[in-house]
Amino acid sequence: MRGFLVAGVSTFAAVVSVVSAPSAGAETTAGRAHSFSETTSVGVHNSYEKATFPYFADALDSGASLLELDLWTNGGGPDWRVSHMNPVASDSNCVGAQDAAGLRSGLRDQGLRGCLADMRAWHEADPEHPPVMIKLELKDGFTAGYGRGPADLDALILGTLGDAVFTPSDLMGESYSTPDAAVTERGWPSVSEMTGKFLFELIPGTIEEGNPLDTEWTDQQYATHLRDLSAAGLVQLGAAFPAVHRASPGDPRLDRYADPGIRPWFVIFDGDALDYTSGDVDPQWYHDRGYLLVMTDAHKVAPQIDGTHASEAEASERLDRLAGEHASYITADWSRLPNVLSTVVPRR
């Protein structure tokens, strides 16, 4: 296992536009002061769409801490397609750049390989960039029979980005057997140790979740894959973190996953901000254990604000409010608010 990798001397706090000093509560929460899990930042929904950012390089340059790609894997088209609605061809702002000079040239509508190439070119131009979570929604799940299974995804991500990826193995290091043990006993790396890293989150897709014939979704498949890699002494080959999708009371892993052996492979949770702030779910439960909590559709929390054209003041207020509700990331479509996208505040 690679263990924690320090990307450079500059810190996350040094490169984002606004970082508040940690509050007393943040300094003492479970003894994890200065941990990556003690921050709250902003992401952009469907960052690959041309109407959101002309090029994926623009999304990477925006300062957003989380960017989202929708993937299709069925046999109706080639490779891993990146698209919101088209299941057989990519419709994206990715160009497959070979270097930084090509990040805004060439043909768009590239698939995952092209998006990863853009990330690599962007990273090589600025290897001490703030950490970026890449959220992958597998719209129709894995299709291993076409070379689009969990191991294929790992090989593509790590083969393109290498040590720029922060993996479950990096989190576990040499001392812990699962991500859950690492997070609850030691915590995440420091903010500075995450400099220059991409962290990949996987969630099941809308088509997959609505398919009555699909009985094993992306999250379960990938967690099982990681567990099996670990049992074979090959966990370093795993590139991504499966996330528990959608909020539910208590520990959502208990009802969601019948196999207790895969539950400790989930340390990221992802669902609607409305559900996490409704009073039915305790978001502090995630924070106390060091889990990362992604709150989507942040604009819908009352009083609702515009999900695309909110003012900077409105979006900043929403970030501060949901940081107080223990979010690690909040997402909306605020691609035109760079000052907000690059803001990181204490999670509290």
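**Figure 1. Thr195 and its polar contact with Ser192.** In this predicted model, a polar atom of the Thr195 side chain lies 3.0 Å from the backbone oxygen of Ser192. A polar contact is a pair of N or O atoms within 3.5 Å; within protein, one must be able to donate a hydrogen and the other to accept it, and residues adjacent in sequence count only if both atoms are side-chain atoms. Thr195 sits in the loop between helix H7 (179–185) and strand E6 (198–204). Helices (H or I, at least four residues) and strands (E, at least two) are DSSP runs, numbered from the N terminus. Thr195 is buried, at 0% relative accessible area. Buried means under 20% relative accessible area, exposed over 50%, and partly exposed in between (1.4 Å probe, protein chains only). Residues are numbered from 1 along each chain as its sequence is written, and side-chain values use heavy atoms, leaving out hydrogens and water. Because the model is predicted, local features need pLDDT of at least 70 and side-chain atom pairs count only at pLDDT 80 or more, while totals for chains, interfaces and linings use all residues.

**Figure 2. Ser335 and the backbone of Thr52.** The loop between strand E10 (329–332) and helix H14 (338–341) holds Ser335. Ser335 is buried, with a relative accessible area of 11%. A polar atom of its side chain lies 3.3 Å from the backbone oxygen of Thr52. Not counting residues up to four places away in sequence, Ser335 touches Val44, Thr52, Phe53 and Leu341. Contact means heavy atoms within 4.5 Å.

**Figure 3. The largest nonpolar core.** This core has 98 residues. A nonpolar core is a set of buried Ala, Val, Leu, Ile, Met, Phe, Trp, Tyr and Cys residues joined through side-chain atoms within 4.5 Å. Leu69, Met119, Leu136, Trp188, Phe198, Phe200 and Trp334 touch the most other members. Helix H4 (residues 112–125) gives the largest share of this core, six residues. Leu136 is in contact with Leu69, Leu71, Leu153, Ile157, Phe200, Glu201, Leu202 and Ile203, leaving aside neighbours within four places in sequence. In soluble globular proteins, nonpolar side chains tend to be buried together.

**Figure 4. Helix H4 and its surroundings.** H4 has 14 residues and reaches 20 Å from its first C-alpha to its last, close to the 20 Å expected at 1.5 Å a residue. The expected span of a helix is 1.5 Å times one less than its number of residues. Of the 14 residues, 10 are buried, so H4 is largely enclosed by the rest of the structure. Among the buried residues are Leu112, Cys115, Leu116, Met119, Trp122 and His123. The buried residues of H4 pack against helix H3 (56–61), strand E3 (66–72), E4, E5, H5 and E6.

**Figure 5. Helix H5 (residues 150–161), buried on one face.** The end C-alpha atoms of this 12-residue helix are 17 Å apart, which agrees with the 16 Å it should span. Pro150, Leu153, Asp154, Leu156, Ile157, Thr160 and Leu161 are buried. The face turned away from the buried side carries the exposed residues Ala155 and Gly159. The buried residues of H5 pack against H4, strand E5 (132–138), E6, helix H9 (218–231) and strand E7 (240–245). Just after H5, Gly162 takes a positive phi of about 55°.

**Figure 6. Glu201 in strand E6.** Strand E6 holds Glu201, which is buried at 0% relative accessible area. Glu201 and Leu66 are 135 residues apart in sequence and 9.7 Å apart in space, C-alpha to C-alpha. Beyond four places in sequence, the contacts of Glu201 include Leu66, Lys135, Leu136, Asp270 and Val294.

Figure 7. Most residues other than glycine have a negative phi, and most peptide bonds are trans. Asp109 has a positive phi, near 65°. Asp109 is in the loop between strand E4 (81–82) and H4, and is partly exposed at 35% relative accessibility. Asp297 also has a positive phi, near 50°. Asp297 lies in the loop between E9 and H13 and is partly exposed, with a relative accessible area of 28%. A cis peptide bond joins Ala302 and Pro303, with omega about -5°. Pro303 is in the loop between strand E9 (292–296) and helix H13 (312–323).
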